[in-house]
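Subject: Structure for you to look at

Hello,

Here is the structure I promised to pass on. Please open it first, then read the notes below it.

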Amino acid sequence: SSTATTLLEHCLRDLKWRRETIVMFGSRYRAPRLTAWYADSGCSYRYSGTDRTGERWTECLADTCALITQRLRHPFNFMLASRYRSGSDYVGWHSDNERDMGARPVIASLSLGASRVFRVRPRSGGSSKGLLLRHGSLLVMWGDSQSLFKHSVPRTAQPVGERVNLTYRYVSR
């Protein structure tokens, strides 16, 4: 849609992208994608051992958050933007189960730009299922999804353009 395309252009042009250093299993490494954080005033989110305070919402991001809040009838006050520059940028298997979001968080994930496969598998192991997330699609994870499953966006050898993913969440601190 033209609204999704306008939002993608805004994100690529105006967000404060950075390549973070992440701690996983006691080791530090550079994240295989770019990230940006936006939130209500004073709202921070603890992830990978580091507190992140979001930048002030841009008008476009605030409008998108309000629309998603209205459609889902659930409040959101923090947004993580991930920028996948090519098929070699990815996010590994994880659950969004940080304490700041409560036991059963609702996460609204808006995909913009190139289509990528989103994979889900049980936390206990086993095979995964893939879902192709297209430009403008909204994936909602809720209930016990974070306690029962892990998800990822794996690398791909296919030639793909840039993708931006906006994940809206409610943080209780």
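Two strands are said to pair if DSSP finds at least two bridges between them. With that in hand, please also keep in mind that this is a predicted model.

An open sheet is formed by 4 strands in the order β8-β13-β10-β11, with antiparallel pairing. Its edge strands are β8 (91–94) and β11 (129–133), each of which pairs on one side only. From one strand to the next, the twist averages 20°. Within this sheet, strand β10 (residues 116–122) runs antiparallel to β11, and 5 bridges join them.

Another open sheet has 6 strands, in the order β6-β3-β7-β14-β9-β12, and its pairing is mixed. Here β6 and β12 are the edge strands, since each pairs on one side only.

How many of the residues of strand β7 (residues 78–84) are buried? The count is 7 of the 7, so β7 is largely enclosed by the rest of the structure. In a regular strand, side chains alternate between the two faces of the sheet. In β7, Phe78, Leu80, Ser82 and Tyr84 point one way, while Met79, Ala81 and Arg83 point the other way, and all are buried.

With strand β3 (residues 34–39) it pairs in the antiparallel sense over 6 bridges. Alanine 36 has alanine 81 of β7 as its bridge partner, and tryptophan 37 has leucine 80 of β7. With strand β14 (residues 163–169), β7 also pairs in the antiparallel sense, over 7 bridges. There, methionine 79 has tyrosine 168 of β14 as its bridge partner.

Next, the helices. α1 lies across β3, β7, β9 and β14, and runs at about 90° to β9. α2 lies across β3, β7, β9, β12 and β14, and runs at about 55° to β14.

The length of α2 can be checked by hand. Helix α2 (residues 59–72) has 14 residues, which at 1.5 Å a residue should span 20 Å; the C-alpha atoms at its ends are 20 Å apart, so the two values agree. Which residues of α2 are buried? They are Leu61, Thr64, Cys65 and Ile68. These residues cover an arc of only 100° around the axis, which puts them on the same side of α2. They pack against α1 (2–14), β3, β7, β9 (107–113), β12 (138–141) and β14. The face turned away from that buried side carries the exposed residues Glu59 and Gln70. After α2 comes arginine 73, whose phi is positive, near 55°.

The aromatic rings are the next item. The count of aromatic pairs comes to 2. Tryptophan 37 and phenylalanine 78 form a tilted pair, 5.5 Å centre to centre, with 55° between the planes. This pair links distant parts of the chain: tryptophan 37 is in strand β3 and phenylalanine 78 in strand β7, 41 residues apart. Tryptophan 37 and phenylalanine 78 are both buried.

Tryptophan 57 and tyrosine 168 form a stacked pair, 6.1 Å centre to centre, with 15° between the planes. Distant parts of the chain are linked here too: tryptophan 57 is in the loop between β6 (55–56) and α2, tyrosine 168 is in strand β14, and they are 111 residues apart. Is tryptophan 57 buried or exposed? Its relative accessible area is 17%, and buried means under 20%, so tryptophan 57 counts as buried. Tyrosine 168 is buried as well, with a relative accessible area of 0%.

Arginine 56 is found in strand β6. Its relative accessible area is 76%, and exposed means over 50%, so arginine 56 counts as exposed. Leaving out residues up to four places away in sequence, arginine 56 touches Tyr38 and Ala39. Arginine 56 and tryptophan 37 are 19 residues apart in sequence and 8.8 Å apart in space, C-alpha to C-alpha.

Regards

Conventions:
Residues numbered from 1 in each chain as written. Predicted model: local features only at pLDDT ≥ 70, side-chain atom pairs only at ≥ 80, totals over all residues. Heavy atoms only, no water. Buried < 20%, exposed > 50% of the residue type's maximum accessible area, 1.4 Å probe, protein only. Helix = DSSP H or I, 4+ residues; strand = E, 2+ residues; numbered from the N terminus. Expected span 1.5 Å × (residues − 1). Arc of directions from axis to C-beta. Contact = heavy atoms within 4.5 Å. Phe/Tyr/Trp six-rings, centres within 6.5 Å; stacked < 30°, edge-to-face > 60°. Axes fitted to C-alpha atoms, helices over the stretch in contact; angles between N-to-C directions.
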